[in-house]
Amino acid sequence: MGILKKHIAILGSTGSIGTQALDVVRAHHDKFKIDVLSAENNAELLIRQCLEFKPETVVIGNAEHFQKVKSALEPANIKVYCGKDALADVVQSERIDLVLTAMVGYSGLLPTLKAIAAGKDIALANKETLVVAGELVTHAAKISKVNIYPVDSEHSAIFQCLAGEDYTKIEKIILTASGGPFRGKSLDFLKNVTRQDALKHPNWSMGAKITIDSASLMNKGLEVIEAKWLFGLESSQIEVIVHPQSIIHSLVQFNDGSMKAQMGLPDMKLPIQYALAYPERLISDFPRFNFLDYPNLTFEKPDMETFKNLKLAYEAMEKGGNMACILNAANEIAVQEFLADKINFLDIPEVVEDCMASIPFICRPTYEDFVQTDFETRQLAKRKLHKV
């Protein structure tokens with residue numbers, strides 16, 4: 001009898017995380033079977049992926065590409081569906097063991113909740129799911145007895161440091177940040193930065209949205225909120241430190257003062273592989289870290305006055321309710337507008353702060369409340385940005 005393979009659905013297979021996840025699957029084809037692939041717009045790459053990995057089902061988000069994908073995959077006998085409702089249905093398939101959510105932004109929430117309800121373990125690369133509705137998602141995971149394995153390099157580092165440890169003994173966790181392309185720059189400098197400047201991340205190769213979030217430190221803010229829910233922490237237990245070399249991916253300090261750090265060269269394939277294969281640790285041919293190549297590892301305090309988004313994320317986390325949902329929705333619209341060269345870089349935190357002050361606060365939101373909050377915030381953010 002052959003080794004049982006883990007059946008995987010990859011949501012967002014044409015993006016940076018999705019393509020790297022398929023590299024991992026390609027390298028360990030004896031361990032994994034792709035059952036579902038999905039993408040929003042990149043029909044060409046999705047078709048190529050499907051012809052190589054032969055999933056049972058594929059979902060294309062944008063209806064304009066449906067016929068093209070369907071026609072291309074018909075000879076391969078692959079079922080093709082379209083839209084977010086189809087994706088939410090497909091992830092509930094009985095065959096699937098693990099769902100990798102690598103979609104961008106709020107769109108990952110519904111399929112993640114549906115997958116959890118169907119008893120599927122989650123490899124979470126879509127941090128916005130926990131940012132927007134952390135209490136709802138973690139409660140659902142507890143009810144369904146499913147695991148959420150973090151894919152973000154920082155949260156994977158914490159997860160690895162906590163292997164075999166008692167979570168109640170955590171004194172604090174320290175998330176490291178590269179500082180992005182504008183580390184050490186002033187507000188005056190940031191007034192004139194361009195989209196191209198912001199997309200030049202010093203250490204990581206990522207999608208456009210997350211790269212802009214890294215430049216504004218919003219990505220670290222979202223990670224702080226995600227960490228609260230993943231590891232059951234209070235705001236006071238989560239610290240951020242700027243570490244420009246990105247070798248220490250994050251640390252845990254325990255109640256006896258001892259600290260554990262997870263280290264390695266910046267390569268997203270490692271945390272992706274760890275999440276997909278958990279609890280097994282698979283062999284890899286990823287480049288190895290050499291201490292002699294990095295004689296100096298340095299650390300700095302984040303500048304939360306210049307990079308206000310990190311401060312706003314802490315405020316949203318401390319207030320709770322639907323506040324992080326407001327933060328996320330406003331940021332998604334602002335980043336979209338910045339990437340379209342319609343606003344300036346410093347307009348991003350301004351509109352986030354304005355929306356947090358303007359949208360009604362809900363202390364104990366339901367899923368429907370999150371949907372409504374997200375919708376209202378996006379509309380308000382668009383109105384405010386068009387006046388900028």
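A word on the source. This is a predicted model, in which local features need pLDDT of at least 70, side-chain atom pairs count only at pLDDT 80 or more, and totals for chains, interfaces and linings use all residues. Residues are numbered from 1 along each chain as its sequence is written, and side-chain values use heavy atoms, with hydrogens and water left out. Helices (H or I, at least four residues) and strands (E, at least two) are DSSP runs, numbered from the N terminus.

Stay with α13. Its buried residues are Asn309, Leu310, Leu312, Ala313, Tyr314, Ala316 and Met317. Buried means under 20% relative accessible area, exposed means over 50%, and partly exposed lies in between (1.4 Å probe, protein chains only). These buried residues pack against α10 (208-216), α11, β9 (238-242), α14 (323-339) and α15 (347-358). Just after α13 comes glycine 320, with a positive phi of about 75 degrees.

Now move to α7. Nine of its nine residues are buried, so α7 is largely enclosed by the rest of the structure. Among them are Ser153, His155 and Cys161. The cover over α7 includes the strands β7 (148-150), β8 (170-177), β10 (248-254) and β11 (259-263), along with the helices α11 and α12 (269-277).

How do α7 and α11 meet? Two packed helices are described by the angle between their axes and the distance between the axes. Axes are lines fitted to C-alpha atoms, for helices over the stretch in contact, and angles run from 0 to 180 degrees between N-to-C directions. The axes of α7 (residues 153-161) and α11 (residues 218-231) come within 10 Å and cross at roughly 30 degrees. The two helices are therefore roughly parallel, a label for angles under 35 degrees. From α7, the contact (heavy atoms within 4.5 Å) uses Glu154, His155, Ile158 and Phe159. From α11 come Lys220, Glu223, Glu226, Ala227, Leu230 and Phe231.

Finish in the loop between α14 and α15, where asparagine 344 sits. Asparagine 344 counts as partly exposed because its relative accessibility is 46%. Leaving aside residues up to four places away in sequence, asparagine 344 touches Lys191 and Phe338. Serine 358 is 14 residues from asparagine 344 in sequence and 21 Å away in space, C-alpha to C-alpha.

Technical notes. Parallel < 35°, antiparallel > 145°, perpendicular 65-115°, else oblique.
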